[in-house]
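Let's take a walk through this chain together. Keep the 3D view open and turn it as you read.

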Amino acid sequence: MTEPDSNNVLITEGSEADFQISAEYAVSTAGNSFIYSAKDFAEQIEDDGDVLTAWTGAKEIELTDTKKGTLGGRECYQYDFTFEMEGNPNAGRLILIEGDGEFGCYSLMSAINENAEEAALYKKQRDAAEQTFKVTGAHQAEGYRIYSYDSPDVSFAVRDEVLESTEQSGDRIVVYPVKGEYSRASIWMDEDDGESVGRDIKALIQKNIEFDLSHYDGAQLISQPKELNIGRYPVLGADMGYYEKGERYTCSEFVVSHNGGFWEIKLKSTDANFDAVSGAMSDVLSSLRFGGIEADSGDSGEPEVGGLTSGDTKGEDTENGANAINAASEVIREIKSQAGFVDNSSWKPLAVADDFNGDNVQELLAVYEVKDGAGINVMYDLWSLGKDGTAKIKSEVLFKEVGGNNGIVGIVKPGGVPYLAVYRYEPEGDLFNNYYTYFSWEKDKSALGDSGYYLENHGNYNQEDKGRYIMGDTAVEKEKFDAKYRELTAWEYRLDLLGGAGDGGVKTFDDF
C-alpha cells in the first residue's frame, strides 16, 4: 500500500501493470465539468462515453456491463470495462459511491492484467476489497459554494476565493467576483429561448457581438466565436475590448446551449480585475447544471454490487445508457470493418445517435465512404440501438463520387414530426438534378414506414424559374415546391461529408 495523499490511496499487488486499486474523492472529471453527486457523474458517463475513457486514462475502452445498487450502505453505480495497457488486455471496474458533501463523490477503481499469471487471484482480491469498502469519514470539497436557483432552474459552484457575492433579478443572475468593483468586475447571466435567431447558437452569439461592437466606445473584436471544451453543455465564446469612462475593459461573450434553449453569459472586467473575473467565469462555465441538483443520496434499497450479492443488479436507466454506448461503438466498429471502408479520405465519416422518433430507443445514423471497384460510393446507414441488440433499419448509397455528385442525410422535424431526410444532388454541367426523400417513422417503433414525401427538381442553374418541379409524382409550380421544401427543411441533425461534423451532436467516427 502506498502512502495516500489528501484524497487518494493506491493499493498495488504484483507489478504495477498487473493489479491496481485506487480510491479517490472525485471532484471534477477530465472533461472539465463539476461532479455534484455519484448520480451526476454516472449521467455524464452515460451521456458521453469519452468521460469514462478520460477518467480512467486509457486510450480506448469498451464498456461491458453497468449496475446500480448500494455499497457500504451508500448508493453507487458500477461500470465494468476492458482496455489495453502496455500491450495487455485489462479488466477495469469503476464504482461511484455517493458522498455526504454539497458536491463530489467517492470512486473505487481497479485494473487487472488478464494475461497475468495470478489474474484469477487478483480478481478475488479486488472483490474482497469491494466487499469491505466503507466510507469512514465524510469528505467534503473545501473552498467551494453551490449557488442554486429554482426559477430559472440553474445551479453552479464557485470557489470562495474568486467570488464576492451574487444577486438575481428575474431571469438574470449577476456574479460579482471582486468586492466594491461591481461595474468593473462582473458576470451577467440571462436565459434566452433562442426564438429571435431560430435556435442557432452561432447566430445568437453573433447578434450579441454586433450589439457590443455598436454600443461600446472603441470596441474591437479580439477573437472570433469558437467552441470551448468546458463544462457539460455546448459553449461558444468570443472576446473583445472596449473603453468606458477612460478605462479599458475586456468583454467576453458566451452562449451555452441546453434543451433547445440558451444561456447568454457576459464577462465584463477592467484589466486590473481580469484574473479574478476570468477565474470565477471558469468555475461558472465548468459547473453549470440545469434542472436542479439531487440532494438526497442515501440507501436506495436495491441489491448491492461489486460481488456483495448475487442476482440482477441493473438499474434500467443506467443499463439503457450503457447499452446505447456499447451499441453505438459496435455499430461503428462493424461499419469500419466492412470491405472497402475508406478511413484515410479528406472527408471524415460522420455519425449521430439519439432517440430520433421518441420511442425511448436510441438510433444511430452514419454516413461514410466505401470503395466500389475503381470508384467510391458514399453510404448512409440507420441503426436501432435497442437494449436487446443492434439492428440495421436502412442502408443505401447516398451518392456516387462522380462529377459534382453530393448529398446530405439527416433527421428533420417539421412541426415536431420526425423524418429521415435523404438529399441527392446529381449535376450535369449547367443542369441541376436534385432528389429529396423524406421517410416517415412507424409510430413508437425503431422502423421506417411507407408514408413520407418525395420531391425532385431539374433545370438550368441560370434559369431556375423554367425548371421542372415535382412533388410525389405530380408536377407543380416552383412556388408550391419551394414552400413544401422550406416546410420540410427543419433539420434536427444534418450529416454532410462536405460540411464536416459541425454542431448539434454530429461527430466524426473517431470523436464518437
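What follows starts with the whole chain and then moves to a few of its parts.

First, some ground rules: this is a predicted model, where local features need pLDDT of at least 70, side-chain atom pairs count only at pLDDT 80 or more, and totals for chains, interfaces and linings use all residues. Residues are numbered from 1 along each chain as its sequence is written, and side-chain values use heavy atoms, with hydrogens and water left out.

pLDDT is the predictor's confidence in each residue, on a scale from 0 to 100. Its mean over the chain is 83, and 88% of the residues reach 70 or more. Residues 294–321 are another story: pLDDT stays under 50 there. Where pLDDT is low, the predicted coordinates should not be read in detail.

The chain holds seven helices and 28 strands. Both are DSSP runs numbered from the N terminus, with helices being H or I of at least four residues and strands being E of at least two. Of the 512 residues, 46% are buried; that label means under 20% relative accessible area, while exposed means over 50% and partly exposed lies in between (1.4 Å probe, protein chains only). Contacts here are heavy atoms within 4.5 Å. Among those between residues at least 6 apart in sequence, 52% join residues at least 24 apart.

Now find strand E15, residues 261–270. Is it buried or exposed? 10 of its 10 residues are buried, so the strand is largely enclosed by the rest of the structure. Gly 261, Trp 263, Ile 265, Leu 267 and Ser 269 point one way, and Phe 262, Glu 264, Lys 266, Lys 268 and Thr 270 point the other way. Strands count as paired if DSSP finds at least two bridges between them. E15 pairs with E11 (residues 185–192) in the antiparallel sense over eight bridges, and Asp 190 stands opposite Glu 264. E14 (residues 247–258) also runs antiparallel to E15, joined by 10 bridges, with Phe 254 partnering Ile 265. E14 and E15 make a hairpin with two residues between them, and Asn 259 in the turn has a positive phi of about 50°.

Another hairpin is worth a look. E3 (residues 61–71) and E4 (residues 74–85) pair in the antiparallel sense over 10 bridges, and Thr 70 has Glu 75 as its bridge partner. Two residues sit between these strands, and Gly 72 takes a positive phi near 60°.

Next comes an open sheet of three strands, in the order E7-E8-E16 with antiparallel pairing. E7 (144–149) and E16 (289–290) stand at the edges with a single partner strand each, so one side of each has no neighbour in the sheet. Six bridges join E7 to E8 (residues 154–159), and Tyr 149 stands opposite Val 154. In the loop between E7 and E8 you'll find Pro 152, joined to Ser 151 by a cis peptide bond with omega of about 0°. Helix H5 (residues 274–287) lies across E8 and E16, running at about 140° to E8. Such angles run from 0 to 180 degrees between N-to-C directions, with axes fitted as lines to C-alpha atoms, for helices over the stretch in contact.

Finally, check two loops. Lys 245, between E13 (235–244) and E14, has a positive phi near 50° and counts as exposed at 83% relative accessibility. Asn 360, between E17 (350–354) and E18 (363–372), has a positive phi near 65° and counts as exposed at 73%.
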